[in-house]
Structure formats: structure tokens, C-alpha cells
Amino acid sequence: VATFDIAVGAAESPSPTGEFRIVNRVVNPTYYHSGTVIPSGKKNPIGTRWLGLSLKGYGIHGTNFPRSVGQAASHGCIRLRNRDIERLFSMVGIGDRVEIHATRDEQIARFVAIRDQQEIAGNRIPLTAAGGQ
């Protein structure tokens with residue numbers, strides 16, 4: 001259905017790996033971290049949407065610093081540009097399965113190779129975002 005560029009956890013706060021579920025969805029979330037509270041708005045580091053994972057404190061979210069996308073820069077969450085998280089947010093629901101891989105295994109390598117070939121041809125390959133699949 002779609003592919004998105006992301007930022008993952010920095011070396012000191014790596015993203016978790018494994019299979020998770022989406023447990024909550026928040027529009028214009030408030031940021032809470034280490035005693036800091038930032039209401040929704042331009043200064044909010046988690047952007048315009050939050051998809052909470054079944055591992056407490058971790059999620060997929062937007063950012064107020066889009067240049068960080070493509071880097072290992074978050075506190076462990078998966079970070080997307082706000083326009084991308086808004087699109088993804090409309091595609092997934094509570095209970096949907098999320099797999100996070102730390103390394104490029106054979107299946108991921110095949111997907112990336114096919115995606116790259118499609119992008120060279122001017123198309124993008126679909127990525128399924130269906131619940132329970």
C-alpha cells in the first residue's frame with residue numbers, strides 16, 4: 001500500500017525488535033519523557049500522530065524535526081515525517097500487527113531489492129498494512 005522513510009532509535013536508545021500490536025492511536029498527542037511535558041503543536045517532538053505499540057512507551061509517530069528521518073535519532077520509537085504518519089495513521093487500527101527488524105534478513109532484503117527496482121522504473125511497490133496479516 002505504501003512505503004515510508006523512517007528514523008529509528010539512536011545507539012543509546014535503540015528501537016525494540018520483535019512483533020508488537022498497535023494499542024492506541026492519538027491525534028495531536030502530548031509528549032511525555034523524563035519529566036518533560038510538551039503539548040501538541042510545532043514544538044512537540046512526536047508530531048501530529050501517535051500509534052502506540054504493545055511495548056509500553058514505544059510507538060510510531062511524527063516529528064517536528066523532519067531532517068532526522070533516515071537516521072538513528074529517536075529515543076527508540078519509529079519516527080516518520082508528519083505527512084507520512086498522517087497517511088499511515090489512516091491506514092492502520094488498534095490490534096494491527098507491527099514487526100520491527102534490527103537487521104536486514106532475507107525477506108526484508110528481497111522486499112528492498114524489489115522496491116528499489118520499482119522506484120527506478122518510476123513506481124513504488126505496495127507494502128501491506130492489514131490487521132492480523
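1. Ground rules. Residues are numbered from 1 along each chain as its sequence is written, and side-chain values use heavy atoms, with hydrogens and water left out. Because the model is predicted, local features need pLDDT of at least 70 and side-chain atom pairs count only at pLDDT 80 or more, while totals for chains, interfaces and linings use all residues.

2. Overall make-up. The protein has 2 helices and 9 strands. Helices (H or I, at least four residues) and strands (E, at least two) are DSSP runs, numbered from the N terminus. In order from that end, they run β-β-β-β-β-β-β-β-α-β-α. Of the 133 residues, 35% count as buried. Buried means under 20% relative accessible area, exposed over 50%, partly exposed in between (1.4 Å probe, protein chains only).

3. Contacts along the chain. A contact is heavy atoms within 4.5 Å. Take the contacts with a separation of 6 or more: residues 24 or more positions apart account for 60% of them.

4. Strand pairing. Two strands pair if DSSP finds at least two bridges between them. Strand E2 (18-27) pairs with E9 in the antiparallel sense over 4 bridges. Here Arg21 stands opposite Arg97 in E9. E2 also pairs with E5, again antiparallel, over 5 bridges. Val26 stands opposite Trp50 in E5.

5. The core. The largest nonpolar core has 15 residues. Such a core is a set of buried Ala, Val, Leu, Ile, Met, Phe, Trp, Tyr and Cys residues joined through side-chain atoms within 4.5 Å. Leu51, Ile60, Leu80 and Leu88 have the most contacts inside it. Two or more residues come from each of E2, strand E5 (49-53), helix H1 (82-91) and strand E9 (97-100). H1 gives the most, with 3 residues. Beyond its neighbours within four places in sequence, Leu51 touches residues including Ile22, Ile60, Ile85, Leu88 and Phe89.

6. Helix H1. Asp84, Ile85, Leu88 and Phe89 are buried. They sit on the same side of H1, because they cover an arc of only 135° around the axis. The arc is that of the directions from the helix axis to the C-beta atoms. On the other side, Arg83 and Ser90 are exposed. The cover over the buried residues includes E2, E5 and strand E6 (59-61).

7. The ring of Phe89. Arg25 lies over its face, at 4.0 Å from the ring centre. Arg49 lies over the face of Phe89 too, at 5.6 Å. A charge sits over a ring if NZ of Lys or CZ of Arg is within 6 Å of the ring centre and within 35 degrees of the ring normal.
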